[in-house]
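Student: I've got a model open and would like to talk it through with you. Could we start with the whole chain and then work down to single residues?

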Amino acid sequence: MTACYWGSNPDTGIGDKQAGTTGGTEQVTDGNRRNAVTQMNAALQSAGSEWRYELTGAFPALKKQ
């Protein structure tokens, strides 16, 4: 798993720096939100996906390109 991010409750997701993930996971905060979107979009692009994340509100939203 790459480019995995979670919001405010790690108990509902994979958790911080969980073993078995490539590079661990990272909490999305106000300070790193734009970087998180950039990295998630890079992972989607390398997989050939038509989807991209857009930062239009508090959290990234998926949009089909």
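**Chain overview**

Tutor: Take contacts in the protein chain between residues at least 6 apart in sequence: 16% of them join residues at least 24 apart. Contact here means heavy atoms within 4.5 Å. Keep in mind that this is a predicted model, where local features need pLDDT of at least 70, side-chain atom pairs count only at pLDDT 80 or more, and totals for chains, interfaces and linings use all residues. Residues are numbered from 1 along each chain as its sequence is written, and side-chain values use heavy atoms, with hydrogens and water left out.

Student: What pattern does the protein chain follow along the sequence?

Tutor: Helices (H or I, at least four residues) and strands (E, at least two) are DSSP runs, numbered from the N terminus. Read along the sequence, they give β-β-α-β-β.

Student: How much of the protein chain counts as buried?

Tutor: Buried means under 20% relative accessible area, exposed over 50%, and partly exposed in between, using a 1.4 Å probe and protein chains only. The chain has 65 residues, and the share that counts as buried is 22%.

Student: Is N41 buried or exposed?

Tutor: N41 sits in helix α1. Leaving aside neighbours within four places in sequence, N41 is in contact with R52 and Y53. Its relative accessibility is 15%, so N41 counts as buried.

Student: And R34, buried or exposed?

Tutor: R34 is also a residue of helix α1, which covers residues 33-46. From R34 to E54 is 20 residues in sequence and 9.4 Å in space, C-alpha to C-alpha. With 62% relative accessibility, R34 counts as exposed.

Student: Which residue forms a salt bridge with K64?

Tutor: Side chains of opposite charge can pair when their charged atoms come close. A salt bridge is a side-chain nitrogen of Lys or Arg within 4 Å of a carboxyl oxygen of Asp or Glu, and a search of the whole structure finds one. In the K64 pair, the closest N and O atoms are 3.3 Å apart, and the partner is E50.

Student: How many residues apart in sequence are the parts that this pair ties together?

Tutor: K64 lies in strand β4 (residues 61-64), while E50 is in the loop between α1 and β3. K64 is exposed, with a relative accessible area of 54%, whereas E50, at 47% relative accessibility, counts as partly exposed. The pair therefore ties together parts whose separation in sequence is 14 residues.
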